[in-house]
Amino acid sequence: MLQYKTRQHFDFSGRDCRIWQPTIETVWKRHKLERQNPNKLDVYMFPDGECPAFMVDKKFVIKFYPPWARTSTYVVERTVFELQAYCSDFVKQHVPQMVAASFILEPGSEDEGLVFMDSTWGNVWKWPYIVSTVLTNGSTGEPSEKNPPVTGMFSRWPTRLRDYQEVPLPLPDGAENAAAFVGRWMRCYHDDMVSTQPHVHSRMLRLKEMSEVDAKNWNVWTSFESFIMKQRRNLNFLQEYIGALSPKLLEQLESYVPRDARQLYSKRATKSSGARNADPVFLHGDLNDDHLLMMKRPGEEHWTARGVIDFGDSMVGDRHFDFVALHISTFRSQKRLLKIFLENYVGAKPDVESPILWPTRKNEFSHVCMCYTLMHRQDAMRTVLQFQSELFRVETMQQLESNLWDVDSDIIKIDSIPA
């Protein structure tokens, strides 16, 4: 496995369990992990994804972090696993739990996983990995006949929404349930992370080398600020490359998106609602339909949402950024699902003032989310074009914003504009 240096090489010849089985056996012996068969582990390789990942004995998942992935992915995901220990039971019941983490090369250097890899490793990639639990159909407990691993279209892998979602529409019968679940889960996740700021801060300080900003100027907003300002500088080039916007809409980008993208979150702290809605939170970063797990228990008619996986794109930032991949990819830009999500996000803690810009300032909410859609790292506009191309039949960015993010407005469609 160590011979794979590029994603292309891995895709061509590395998606074979037999190649990885000896390495996984070594990991299991190193950490003395439970096994069903003393002679051989039951290993299933997930068929896609940037990082090689495997289900082992239907109880564990091992994920390797390759040299072609962003060097911070392992650092970030391991940090999130550590921080989840401070979250509420509701949050922890719906995410995998970390069992072990180390490196294939130099396994005794676990602590080096908390510094920026390129600056310390030279030309040697140590192949970090994380072993985590498999989510089960029950809220807690080990997999068993009464509490089997989450299953669906594939008998051995927790079913992702993407695995059975028809393209382009409609969404499956559990879409409303999924929207409600994610609303409740994400609100608790965001608020739990805010309430554990000392833990977030101490761990993020160990990641400060990922930023080019001098350490003395570093704060919890530093990484998000650096990311969002870079996306803003490249905005025109990015949208011209994606090709979703008409020339008329492209001309409006400079005036529509604030040149200082920090205004999207910094202004809220000065308004009458107070600074709470500008609190930084630890974002999932990419809650798309690949990272939301569904289940269907025996005898049940409908699919239900079970949990959330893959925190490799996490960062501390504005909670509104987390809504983009969810709405654009998972909900396929359907505003009825967005409305269900927002109602549950707000309603998850009815006695606590909502930290989001909805529903009291819907226009500002729509604008903030539309700007983050344009600057999202996962080419969100291309996804909108793929599944809801009719939303682009507009003349202004404000109309496109309304089509995507105003949950109470009708779809604007100008017939004179070519599709």
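This is a predicted model: local features need pLDDT of at least 70, side-chain atom pairs count only at pLDDT 80 or more; totals for chains, interfaces and linings use all residues.
The largest pocket holds about 970 Å³ of space. Its lining is made up of 44 residues. Of these, G49, K63, D290, H291 and D310 lie closest to the pocket centre. By class, the lining comprises 20 nonpolar, eleven polar and 13 charged residues. Several secondary-structure elements give two or more residues to this lining: the strands β3 (60-64) and β5, and the helices α3 (73-83), α14 and α17 (380-387). Helix α14 provides the largest share, with four residues.

The model holds 28 aromatic pairs. One of them joins F224 and F227, whose ring centres lie 6.4 Å apart. The angle between their planes is 45 degrees, and the pair is classed as tilted. Both residues belong to helix α9 (residues 222-233). They are three residues apart in that helix, so about one helical turn separates them. F224 and F227 are both buried.

A cluster of aromatic residues is also present. It is formed by F10, W20, F54, F64, W68, W127 and Y129. Charged side chains lie over two other rings. K126 is placed over the face of F103, at 5.9 Å from the ring centre. R332 is placed over the face of F387, at 3.7 Å from the ring centre.

Backbone geometry was then considered. Most residues other than glycine have a negative phi. W127, a member of the aromatic cluster, has a positive phi, near 55 degrees. This residue sits in the loop between α5 (117-121) and β5 (128-133). W127 has a relative accessible area of 2% and therefore counts as buried. S333 also has a positive phi, near 60 degrees. Its place is in the loop between α14 (322-330) and α15 (335-347). With a relative accessibility of 5%, S333 is buried.

Helix α9 contains twelve residues. From first C-alpha to last it reaches 17 Å, close to the 16 Å expected at 1.5 Å a residue. Its buried residues are T222, F224, F227, I228, M229, Q231 and R232. The tilted pair of F224 and F227 thus falls within this buried set because both residues are part of α9. Helix α15 contains 13 residues. It reaches 18 Å between its first and last C-alpha atoms, close to the expected 18 Å at 1.5 Å a residue. In α15, the buried residues are K335, L337, L338, F341, L342, N344 and Y345.

Q231, one of the buried residues of α9, has its C-alpha 8.9 Å from that of L374. The two residues are 143 residues apart along the chain. L374 lies in helix α16 (residues 362-374). At 0% relative accessibility, L374 is buried.

The second pair involves T79, which is found in helix α3. The C-alpha atoms of T79 and S314 are separated by 9.4 Å. Along the chain, these residues are 235 residues apart. T79 is buried, with a relative accessibility of 1%. Helix α3, which holds T79, is also among the elements that give two or more residues to the lining of the largest pocket.

A85 has a relative accessible area of 52%. The cut-off for an exposed residue is over 50%, so A85 counts as exposed.

Definitions and conventions: Residues are numbered from 1 along each chain as its sequence is written. Side-chain values use heavy atoms; hydrogens and water are left out. Rings of Phe, Tyr and Trp (its six-membered ring) pair if their centres lie within 6.5 Å; planes under 30 degrees apart count as stacked, over 60 as edge-to-face and the rest as tilted. Buried means under 20% relative accessible area, exposed over 50%, partly exposed in between (1.4 Å probe, protein chains only). A charge sits over a ring if NZ of Lys or CZ of Arg is within 6 Å of the ring centre and within 35 degrees of the ring normal. On a 1 Å grid over the protein atoms alone, a cavity is a set of points where a 1.4 Å probe fits but cannot get out, and a pocket is an open set with protein on both sides within 12 Å along at least five of seven lines; lining residues have an atom within 4 Å of a point. Grid points are joined across faces, edges and corners, and a volume is the space filled by probe spheres set on the points. Ala, Val, Leu, Ile, Met, Phe, Trp, Tyr, Cys and Pro count as nonpolar, Asp, Glu, Lys and Arg as charged, and the others, Gly among them, as polar. The expected span of a helix is 1.5 Å times one less than its number of residues.
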